[in-house]
Amino acid sequence: MDVQKFKQELIAYSKEIGIDKIGFTTADPFSELKNRLIRQQELGYHSGFEEPDIEKRVTPTLLLDEPRSIISIALAYPSKMKDRVVSKKGERRGIFSRASWGLDYHHLLRDKLKKLEEFIKMKVPDARLKSMVDTGELSDRAVAERAGIGWSGKNCAIITPEFGSYVYIGEMITSIPFEPDTPIEDQCGSCTKCLEACPTGALVQGGQINAQRCISFLTQTKGFIPDEFREKIGNRVYGCDSCQTACPHNKVKNFHFHEEMEPDPEVAKPLLRPILQLSNREFKNKFGDVSGSWRGKKPIQRNAMIALAHFKDESAVSDLIEVLKNEASPVARGTAAWALGKIGGETAFAALEKAKAVETDSAVQIEIEKALSLNK
Ligand code: B12
Ligand code: SF4
Ligand code: SF4
């Protein structure tokens, strides 16, 4: 088989099926990444969402028999909504980050990779292939960087010259010895805009994140949000885009290539108060198709309460009192207490006093005390 010719056919096919960028690299181990991953763990800077087995993450031979190459794909997503929300005065909204707009990207990329696999199998029936997106063992960014998709920015993102960093990435390990592409040169230069824009100092230095401080991570956790971050979260109910919106390489980048990625503004920028009252079924119906719902309803409800506190939305006091009185989850009750303290007012503090008398969970009691101490 003429592998070079086949590579060109595959590239042409990838364009036909709506893959915006494709690159090829070897299946060599990711040795530099290995040291980096070990260091991140030693420092406690990892998120815990990554594949825990570092050897698997950096050794393609542990994932496929005799791998010879890795194909990296990228799909560009929109940075601006086509449709705007029709807001009434006083109705406060939260925001899902762009990577959670439209249909969950895992489905879209897996579908493209499946089509690529079928195309390869048609020409090379005995090819061995393994595809992954986000939840797989490999570092999608390290593969994309080595395959020439984009450079690794100081904000940690893979930045493509064509689409900026607003791209989802995935990859396929193959048994076919495709010619590798050349990595793209770093174009960050002396810029440090993303480091300055990060609200929590999570970017400890260019290209290094402390995930435990990253708002994107915090919005995806299930416990209490540590105090120091609550006000910095603002109205983000899922994810954070600040280090990408600050990037000059994203300035005029806004691509609408994929119909499925178009956000429903009522989902991507949802009204906050109704989120507190959603049943599991209602949550699934409204948010179930977006990637930001992967941790379920509770983190989104907790973040919505933090956002209501951020806006000091007095109209939310009755909803928050409901949560404080009736929610089974201590995280929900405690966050509601904190939000009531932040918003303040007679009704809020009276409800907090009442809750103080009956609350039995020690973590919630602490939150109630904290909230009451704001009554000055
Ligand atoms: C865990 C995880 C997170 C964690 C940790 C993020 C992080 N930066 O590590 C949290 C929850 C915080 C997170 C947040 C986000 N994530 Co995330 N996340 C992942 C996941 C599952 C693993 C990432 C990982 O292993 N990190 C560990 C670090 C150490 O390695 P790495 O970033 O993968 O690889 C780079 C570094 O190792 C670096 N490096 C290696 N050696 C050295 C040495 C030096 C000196 C330096 C400077 C750098 C360096 O180069 C590699 C290539 O860039 C990947 C999917 C996957 N399977 O890879 C998605 C992924 C990285 N996330 C993605 C996205 C979109 C996001 C968010 C933008 C979502 C949002 N809007 O809220 C934010 C961005 C935050 C940020 N600034 O990074 C995309 C990135 C797409 C892109 N264009 O880069 C991915 C690839 C998912 C996907 N398939 O599309 N994420
Ligand atoms: S996603 Fe937000 S919190 Fe995380 S590193 Fe970027 S700007 Fe900082
Ligand atoms: S903001 Fe500047 S330093 Fe940060 S990723 Fe973009 S170009 Fe690089």
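The shell around ligand 2 comprises 10 nonpolar and 3 polar residues, with no charged residue among them. The model described here is predicted. In total, 13 residues surround ligand 2, and the closest of these are Cys198, Cys214, Cys240, Ser242 and Cys243. Two elements, helix H7 (215–218) and helix H9 (242–245), each give two or more residues to this shell.

Ligand 3 has a shell of 6 nonpolar, 4 polar and 2 charged residues. Its surroundings include the cysteines Cys188, Cys191, Cys194 and Cys247. Lys154 and Lys193 also belong to the residues around ligand 3, as do Gly153, Asn155, Thr192, Ala246, Pro248 and His249.

Attention now turns to an annotated position. An unreviewed UniProt entry places the feature "active site" at Asp134. This residue lies in the loop that runs between strand S4 (129–132) and helix H5 (140–146). Asp134 counts as partly exposed because 16 other C-beta atoms lie within 10 Å, whereas a buried residue would require 20 or more and an exposed one 12 or fewer. When its neighbours within four places in sequence are left aside, Asp134 is in contact with His106 and Asp140.

Key:
Residues numbered from 1 in each chain as written. Chains lettered and ligands numbered in written order. Predicted model: local features only at pLDDT ≥ 70, side-chain atom pairs only at ≥ 80, totals over all residues. Near = placed C-beta within 6 Å. Nonpolar A, V, L, I, M, F, W, Y, C, P; charged D, E, K, R; others polar. Helix = DSSP H or I, 4+ residues; strand = E, 2+ residues; numbered from the N terminus. UniProt positions renumbered as here; feature names shortened; annotations may be inferred. Contact = placed C-beta atoms within 7 Å.
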